[in-house]
Amino acid sequence: MPQLDPAVFIPQIFWLFVVFAALYIFIARSAAPKISEVLKRRQDTITDDLANAEKLQAKAEEARIAFEKSQEDARNNAAAIVLSKREKLKAEADAEYQKLSDALSKKADEAQKRINEAKEKALGEVRNVAADVCADIVSQISGLKLDAKAVSKAVNAKTDDVLKGDG
């Protein structure tokens, strides 16, 4: 093989250095700056993207905080509205209860008055009947005619004692 002939080693080494030097100069002056520029632009783009991402992250954090604050405000507002409505409904219910209580109390008082009147009327009739019966019994047993006022007075006194619990 002619490449392995020691007589041609020096010219081969010379041309090897010439070719590699020319290739190095070409790459150093032409391709390396272009590659370096591409790498620099890539690094700048990455740096800009990271800065934009940090800005967007800060905006997102602010939006999250604002959202949480608005949610908290909405909860507080809803709680206040519920409390207000509860107080209003309680006041209305209390007013309605008082109104119904007053109406029922008035009806109960009227019913008690009617009961008392009926009781007094019935008691009056019972006293009259008792006085008549007593006068008839005394008249039939003894044959005496008693004064109606005296019999009525005695029956009323005894009835009052019984009603009071003394008799």
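Rings of Phe, Tyr and Trp (its six-membered ring) pair up if their centres lie within 6.5 Å, with planes under 30 degrees apart called stacked, over 60 edge-to-face and the rest tilted. On that rule, this predicted model ends up with 1 aromatic pair. The partners are phenylalanine 14 and tryptophan 15: ring centres 5.2 Å apart and planes at 75°, so the pair goes down as edge-to-face.

A word on the ground rules: the model being predicted, local features need pLDDT of at least 70 and side-chain atom pairs pLDDT 80 or more, while totals for chains, interfaces and linings use all residues. Numbering runs from 1 along each chain as its sequence is written, and side-chain values use heavy atoms, leaving out hydrogens and water.

As for accessibility, buried means under 20% relative accessible area, exposed over 50%, and partly exposed in between (1.4 Å probe, protein chains only). Phenylalanine 14, at 48%, is partly exposed, whereas tryptophan 15, at 52%, is exposed.

Leu16, Phe20, Leu23, Phe26 and Ile27 make a nonpolar surface patch of about 490 Å². Patch members have over 30% relative accessible area and no salt bridge; nonpolar side chains (Val, Leu, Ile, Met, Phe, Trp, Tyr) are joined within 5 Å and like charges within 9 Å. A salt bridge here is a side-chain nitrogen of Lys or Arg within 4 Å of a carboxyl oxygen of Asp or Glu. Leucine 23 belongs to helix α1 (residues 9-142), helices being DSSP runs of H or I with at least four residues. With a relative accessible area of 41%, leucine 23 is partly exposed.

Alanine 7 sits in the segment before α1 and is exposed at 63% relative accessibility.

Definitions and conventions. Accessible areas come from the Shrake-Rupley method with a 1.4 Å probe; for residues, only the protein chains shown count as cover. Helices (H or I, at least four residues) and strands (E, at least two) are DSSP runs, numbered from the N terminus.
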